[in-house]
Every structure is written in C-alpha cells, then in structure tokens.
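Take a moment to look over the chain from end to end. Then follow the paragraphs below, with the structure beside you.

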Amino acid sequence: MAEKPVSETAQKFSSTFKGKGKTVEECEAMIRKSLGTPTVNFLREHMEKAGCYVGDNFFKAIKCDNLMGGGYSSRRGVLVCSNRMTFQNEVDQVIIHELIHAYDQCRAANLDWANCAHHACSEIRAAHLSGDCHYKRELLRGSMKIRGHEQECVRRRAMKSLANNPCCSEEAAKDAIEAVWDVCYNATKPFDRAP
Ligand SMILES: [Zn+2]
C-alpha cells in the first residue's frame, strides 16, 4: 500500500508533475504564505470557535517518498509534501483540503475514518470546498463553470481517496458516495456556500 498515493491531492499533481518540487525549507516558506490567506484564516478561526485550536506548528512540510501531495492526521496535523509542490496555489489547496478534514474531525466527535460513509462525506466536502476541482475551470478558460464537470471531478477524487482506505472496498466506496452525496455536497460549513 505504501507506494499508492494516500491523498487524492497527489493524483492531480502527479500527472502534471515535472520538476523535483521544493525543498522542505522552501515549502515551509510557502506554508507561511498560505497561513496569511483569507480562506485559511477563516477555517482556523472556525476551528478555534469549535474548540480546536490550530497553531502554526499544526502545519508541517515533509519530503514524501510516495505520490502524496499532503495528508492529515489528528496526531500529526497537516502535512504538505514539499517535493510534490511547485506553485503556491498547490500548497494553498493542500492546506485547505486537509483543514476541511481537520474541521470535520473537530466538529464531529464520533467521526470514524474507518466508516466509508463518514470518510466519503469528508472527502466530498474537501474536494468541493478546497477548489481541488477548479482547475477544470481554468482549463476551460472563457467558458462558464460547468456544474457537471465539477461534480464529476469531486466524485472521482473522493473515489480515489477512498481507494486508500482499507476499510472501504470499491463497491462500498461507490455506495457510500452515492448515499451521502446530496447531504455532503451541500454541507458547505463553515462556508455559507462553496468558495
Ligand atoms: Zn482528502
């Protein structure tokens, strides 16, 4: 399993990845920049309001030997894979994506990552709310956001993330995404609507 990407963030970057990325030090500077952006501040404020203080040391740059772009665990916080990062907006996206997972864990005391439906819900929210699927919009510059494309992208990325959960078979992941889709795609908290 170790060579498999454990974050859907990785999937996107690995396909476009050409350079050797950033050093840990460079990535730390990019993380500091991210921490000054309105969306990241907004999420940290809401986590604090929900009783989960997130200090600057919650975010770490590490060199990853797999295809990860980043990850989150309650024990280690948010990790950004320096060697997978090229642009500032990639770092911003990873941080926002993983912060959505952290927010979900903070808000739902009984969130169980081994439960496919719980995990599916958080991945749908993270992919939708982090703008992971906005790159489609950039590719389609000049055209309006195509709703179907964005939703298809969110579904695909949620499936890829769930594929790394040993508790969810492909079929269980598919069923879980369908079962929670309407509720979780429209659950934009703490945002009023998807940014
Ligand atoms: Zn995720």
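Predicted model: local features only at pLDDT ≥ 70, side-chain atom pairs only at ≥ 80, totals over all residues.

Residues are numbered from 1 along each chain as its sequence is written.

Start with the overall fold. The protein chain has eight helices and three strands. Helices here are DSSP runs of H or I with at least four residues, strands are runs of E with at least two, and numbering starts at the N terminus. Along the sequence, the pattern reads α-α-α-β-β-β-α-α-α-α-α. Contacts tell us how the chain folds back on itself. Two residues are in contact if their C-beta atoms, placed from the backbone, lie within 7 Å. Among contacts between residues at least 6 apart in sequence, 69% join residues at least 24 apart.

Now look at helix α4, residues 88-107. Helix α2 (residues 24-34) packs on α4 at an angle of about 65 degrees, with the axes 9 Å apart. That makes α2 roughly perpendicular to α4. The axes are lines fitted to C-alpha atoms, for helices over the stretch in contact, and angles run from 0 to 180 degrees between N-to-C directions. Angles under 35 degrees count as roughly parallel, over 145 as roughly antiparallel, 65 to 115 as roughly perpendicular, and the rest as oblique. The crossing of α2 and α4 is right-handed. A crossing is right-handed if the near helix is turned clockwise from the far one by less than a right angle, and left-handed if anticlockwise. On the α2 side, C27, M30, I31, K33 and S34 take part. They meet Q88, V91, D92 and I95 of α4. By class, this contact has five nonpolar, two polar and two charged residues. Ala, Val, Leu, Ile, Met, Phe, Trp, Tyr, Cys and Pro count as nonpolar, Asp, Glu, Lys and Arg as charged, and the others, Gly among them, as polar.

How does helix α3 (residues 38-49) lie against α4? The angle is about 10 degrees, and the axes are 10 Å apart. That makes α3 roughly parallel to α4. T39, V40, L43, H46 and M47 in α3 meet I95, I96, L99, A102, Y103 and C106 in α4. This contact has nine nonpolar, two polar and no charged residues.

Helix α5 is another partner of α4. The two axes come within 8 Å and cross at roughly 140 degrees. That makes α4 oblique to α5. Their crossing is right-handed. Here H97, I100, H101 and D104 from α4 meet S122, R125, A126 and L129 from α5. The classes are three nonpolar, three polar and two charged residues.

Next comes the inside. A residue is buried if 20 or more other C-beta atoms, placed from the backbone, lie within 10 Å of its own, exposed if 12 or fewer, and partly exposed in between. Of the 195 residues in the chain, 39% count as buried. In soluble globular proteins, nonpolar side chains tend to be buried together. A nonpolar core is a set of buried Ala, Val, Leu, Ile, Met, Phe, Trp, Tyr and Cys residues joined through C-beta atoms within 7 Å. The largest one here has 43 residues, and V80, I95, A120 and I124 have the most contacts inside it. Elements giving two or more residues include α2, α3, β1 (59-62), β3 (77-81) and α5 (116-129). The most come from α4, with nine residues.

Which residues show the contrast between inside and outside? V91 lies in α4. V91 counts as buried because 28 C-beta neighbours lie inside 10 Å. Leaving out residues up to four places away in sequence, V91 touches C27, M30, I31, S34, V80 and M85. Y185 sits in helix α8. With 21 C-beta neighbours inside 10 Å, Y185 is buried as well. Y185 touches I124 and H128, again not counting residues up to four places away. A108, in contrast, is in the loop between α4 and α5. A108 is exposed, because 12 other C-beta atoms lie within 10 Å.

End at the segment after α8, where P190 lies. The peptide bond from K189 to P190 is cis, with omega near 5 degrees.
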